Structures are given as structure tokens and as C-alpha cells.
Amino acid sequence: QVQLVESGGGLVQAGGSLRLSCVASGRSFRLYSMGWFRQAPGKERDVVAAISWSGDIYYADSVKGRFTISTNNAENTVYLQMTNVKPEDTAVYYCAQSGRYSSLVIRSAEYSYWGKGTQVTVSS
């Protein structure tokens, strides 16, 4: 089994930056995609960014140019660097690991393991 633990959430002012981290235990990243998802109150859980084992990357249009996903495979860690944050970025952010795929996975239904989430609140 895989266990994912997020950290780095908190309160940040609009225009500021923060970095979320997710440490995975039990599996390597090879042949898996890692994703960041977020869920705001009353909204569905949506993909923010995802990265495949080979380095293919996807960003939601709403965060493109502002957020960066990266990994440190030796440490089984995935990061989400958030810059120029906006109040609409306020949400619970979840780290997730997909099933075994060689290509990039962005559908939440294809993710098998989830962290408990970390709250990000952006003040205006």
C-alpha cells in the first residue's frame, strides 16, 4: 500500500507564494503519475497539476504559468510550487498517486491513493 502525506498548506496573501510537499511511502514514482487536486467549498474536486514517471506534465488552465509541479524521485516527494496566488485558489489541496500507467494520468478516477489534504487559504 501507499501512504501520502501532504504539508505546506496555510494562509497566504494574494500575490504571494507557497510550496506544497507530498511524501509517498511504499512505492516509487516509476510508472505512476502523481497529481495535485483541489476542492473548494461546494465544488467538485478538480485536477490542478499532474506529472508522469517520464516527466510529462499537465496544468489546469486556471493555474498555468503560476504553479509548478516537480518531483524528487530519490525522496519519493512531489511538490507544488504556487506563485502569484489568488483568492480563488483557496481550497483543500490533495496529493494523489495513480495506478500503474506509463503515460500521464489526469483523471481523478485513475488515481488509487490519496493524501488527507492540506488547506490553502488566500486572503485578498
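The model is predicted: local features need pLDDT of at least 70, side-chain atom pairs count only at pLDDT 80 or more, and totals for chains, interfaces and linings use all residues. Residues are numbered from 1 along each chain as its sequence is written, and side-chain values use heavy atoms, with hydrogens and water left out.

Me: What makes C22 and C95 a disulfide?
Reply: The S to S distance is 2.0 Å. A disulfide is a pair of cysteine sulfur atoms within 2.5 Å, so the pair qualifies. The structure holds 1 disulfide.

Me: Why is the disulfide of C22 and C95 called left-handed?
Reply: The S-S torsion is about -75°, so the disulfide is left-handed.

Me: What parts does the pair C22 and C95 tie together?
Reply: C22 sits in strand β3 (residues 18–25) and C95 in strand β9 (residues 91–98), so the link ties parts 73 residues apart in sequence. Strands here are DSSP runs (E, at least two residues), numbered from the N terminus.

Me: Are C22 and C95 buried or exposed?
Reply: Both C22 and C95 are buried. Buried means under 20% relative accessible area (1.4 Å probe, protein chains only).

Me: How do you know that β1 pairs with β3?
Reply: 5 bridges join β1 to β3. Pairing needs at least two DSSP bridges, so these strands pair. They run antiparallel. Q3 stands opposite S25 in β3.

Me: Why are β1 and β7 called edge strands?
Reply: The open sheet has 4 strands in the order β1-β3-β8-β7, with antiparallel pairing. β1 (3–7) and β7 (67–72) each pair on one side only.

Methods:
Buried < 20%, exposed > 50% of the residue type's maximum accessible area, 1.4 Å probe, protein only.
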